Amino acid sequence: MNRRIAKLTVVLVAGFVVLLVQLTNLGYFSAEDLRAHPRNTRSAIASIGIARGAITTADGETIAPALDGNNDSGSPQLRDYPHGHLYAHIVGYLSPTLGVAGLERTYNSHLSGSAADISITRLADLFADSGRVGDLDLTVHHGTQLTARAALGDRDGAVVVLDPATGAVIAMWSRPSFDPNELTGASDTGETGTDTRRQPTLSLAYQRYYELIAEAPEADELIRRAVRSHGVTGMDLPAELDGSGSRSDTAITPLQLALAAAAVANEGALTRPFVVQRITARPASQPASGEPSAGSGIEATEPTDVAQLFDSGEAADLLRQMAAAAEQASLRLAPTETTQTRAAVAEGVVVTVDATTAAVTQIGEWAVLLAPAENPVVAVAVVVETDVRLDADERQPGGTLASLIAATAAEAALARRAIPTSVVDGP
């Protein structure tokens, strides 16, 4: 009898220890992951109706206006996204029914002021509600984002523009997109409804893997090295896919393609991409100015090299080959300050491979572009899903449709300007 009691005691104690360990894990070590889980709507619900910081582009465009938490109307304030589809895959949404996505999710505690480095800036804040929120200043340039959308037009695909030296995202547009206001219940932006042909809330820029085929040796080398970065890039946007679900271990995302091109311009170094340049803290009662860095800066993103994709000699050789390819295609960008800008380019086609018959079907084309060719400060990757290729008599200098789109985005990034609003297409 005593043995049985002893065994039962051991089992109960062991079970208690396991339970204690699991509760500790859930309550402490995994707490942040659970709060950030896309299906956890509790953090979103807790953030509804309270003050929240603004999100602003590098050139001062407010893409998610601040909330002051004033509920005098009797109903809680809802987040409004004035540009609708344009920034949906970057900003995300804050929805009482669907939860949190995008930057709203990654930086939820900073935006709401619950993060320690926002709410506690002095000793007195430990004993009182500091009433502070955090504003996000982005690396994304509004004019370049508009131009990327217009250049892609009504085609599905993605355009990614990076600063190759730092990994800063200058623009990242993918189509189809969605209007986050339709998910939050905020005011109508007047744009068209959500695209139902596929999952528009998934970004083709970093959540879709494509099988790419090169059309020239320099393009083949770029793709071969790019697949080495197959997996999560470490970008500060959530829900990036690691590629484990793709049909091929050689498929990559447009973002990974842009990073590989950026490495060519960065002496072979692969950088971690980011979209938030700076977080600033301010009192919730103080209106956001709409200008970057209006509050007291508490955190700035530092460029980080994560791997060496090429050695410096290989990168220089590949850059020369890409520049020669651009010259052969007569690809030159619009002059800046009366100076003709040379580019470097690599391009190819996007395919699908039938798992049963191994038949290859072209579904689009891709291109990367670096500019200026002598010392690139802009890296662009384009994947466009279209069966239409420009015939020889239709081609303008630059060749393929993807390379022409890349050139348009690069010109905007170099000039930091937008094309006229009248020619900007919808989603």
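1. Contact here means heavy atoms within 4.5 Å. Helices (H or I, at least four residues) and strands (E, at least two) are DSSP runs, numbered from the N terminus. The model is predicted: local features need pLDDT of at least 70, side-chain atom pairs count only at pLDDT 80 or more, and totals for chains, interfaces and linings use all residues. Residues are numbered from 1 along each chain as its sequence is written, and side-chain values use heavy atoms, with hydrogens and water left out.

2. Helix α10 (residues 217-226) meets helix α11 (residues 254-265) at about 115°, axes 9 Å apart. That makes α10 roughly perpendicular to α11 (65 to 115 degrees). L222, I223 and A226 in α10 touch L257, A260, A261 and V264 in α11. By class, this contact has seven nonpolar, no polar and no charged residues (Ala, Val, Leu, Ile, Met, Phe, Trp, Tyr, Cys and Pro are nonpolar; Asp, Glu, Lys and Arg charged; the others, Gly among them, polar).

3. α10 also packs on helix α12 (residues 312-328), at about 135° with axes 9 Å apart. From α10 come E218, E221, L222 and R225; from α12, E314, L318, Q321, M322 and A325. The residues divide into four nonpolar, one polar and four charged.

4. Helix α8 (residues 142-152) is largely enclosed by the rest of the structure, because 11 of its 11 residues are buried (under 20% relative accessible area, 1.4 Å probe, protein chains only). Its cover includes α4 (88-91), β6 (156-162), β7 (169-175), β17 (378-385) and α13 (401-415). Just after α8, G153 has a positive phi of about 65°.

Notes
Buried means under 20% relative accessible area, exposed over 50%, partly exposed in between (1.4 Å probe, protein chains only). Axes are lines fitted to C-alpha atoms, for helices over the stretch in contact, and angles run from 0 to 180 degrees between N-to-C directions. Angles under 35 degrees count as roughly parallel, over 145 as roughly antiparallel, 65 to 115 as roughly perpendicular and the rest as oblique.
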